[in-house]
Amino acid sequence: MNQKEEMYDRFFELQQKVHLDNQKKIRVGLKVNILLPLVFLVISFVSNRSKLVFLVLWIVSLFGISFYLLYVEYMDFRLQARLKEFGIIDEDETNALIGNEVVQGLDDINNARKEMVQDIKEKKREIKQEIKKEKEEIRKEKNEIKKEIRKDIRTVGEKLKK
């Protein structure tokens with residue numbers, strides 16, 4: 001094996017290690033994002049101190065953790081972009097930190113949303129048709145009532161004339 005191939009292999013292994021470390025960082029960050037606010041919440045209810053202080057700490061911790069997670073994701077994205085640029089990995093080999101299951105889940109949600117929108121549109125058409133039918137029936141009943149009233153008025157008018 002020549003020196004370039006050995007360097008390529010080490011670089012690729014390093015990229016894999018960094019990517020796996022980033023996945024671990026994301027998992028830990030998500031856990032901290034859940035646990036730290038819960039700790040502040042528990043402390044705020046247990047202690048008799050100002051709840052405002054814990055609210056501010058809670059908000060600051062959420063922002064800090066979110067920025068940390070964004071930073072880790074961005075650094076991994078840049079690393080993968082560099083590897084694509086150098087031709088080390090293909091476009092299809094990009095590994096998302098959050099996992100393909102989440103991406104698939106988002107696709108499933110979008111498909112379900114599209115189906116629900118289609119069902120809603122279909123129900124809307126059915127309701128419009130029912131409303132048209134009801135309007136037509138009401139119009140017919142209205143005309144029949146008008147005819148009956150006119151007939152009653154004529155009979156009353158004829159009785160008055162006699």
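Predicted model: local features only at pLDDT ≥ 70, side-chain atom pairs only at ≥ 80, totals over all residues.
Local features need pLDDT of at least 70 and side-chain atom pairs count only at pLDDT 80 or more, while totals for chains, interfaces and linings use all residues. Residues are numbered from 1 along each chain as its sequence is written, and side-chain values use heavy atoms, with hydrogens and water left out.

**Transmembrane regions**

- An unreviewed UniProt entry places the feature "transmembrane region" at residues 28–46 and 52–72; such annotations may be inferred rather than shown by experiment.
- Residues 28–46 are 100% helix and 0% strand, with end C-alpha atoms 26 Å apart.
- Residues 52–72 are also 100% helix and 0% strand, and their end C-alpha atoms lie 30 Å apart.
- Helices (H or I, at least four residues) and strands (E, at least two) are DSSP runs, numbered from the N terminus.

**Packing of H1 and H2**

- Helix H1 (residues 3–46) packs with helix H2 (residues 51–85) at an angle of about 170°, and their axes are 10 Å apart.
- Axes are lines fitted to C-alpha atoms, for helices over the stretch in contact, and angles run from 0 to 180 degrees between N-to-C directions.
- H1 and H2 are therefore roughly antiparallel to each other (angles under 35 degrees count as roughly parallel, over 145 as roughly antiparallel, 65 to 115 as roughly perpendicular and the rest as oblique).

**The aromatic pair**

- The rings of Phe-63 and Phe-67 have centres 6.3 Å apart and planes at 25°, so the pair is stacked (planes under 30 degrees apart count as stacked, over 60 as edge-to-face and the rest as tilted).
- Phe-63 and Phe-67 are four residues apart in helix H2, and so are separated by about one helical turn.
- Phe-67 counts as exposed, at 55% relative accessibility (buried means under 20% relative accessible area, exposed over 50%, partly exposed in between, with a 1.4 Å probe and protein chains only).

**Salt bridges**

- In helix H1, Lys-17 and Asp-21 are four residues apart, about one helical turn, and their side chains meet at 3.3 Å, N to O.
- Asp-21 is partly exposed at 28% relative accessibility.
- Lys-123 and Glu-126 form a salt bridge at 3.8 Å, N to O; they are three residues apart in helix H3 (residues 100–161).
- Glu-136 and Arg-139 form a salt bridge at 2.9 Å, N to O, and are three residues apart in helix H3.

How values were computed. Phe/Tyr/Trp six-rings, centres within 6.5 Å; stacked < 30°, edge-to-face > 60°. Salt bridge = Lys/Arg side-chain N within 4 Å of Asp/Glu carboxyl O.
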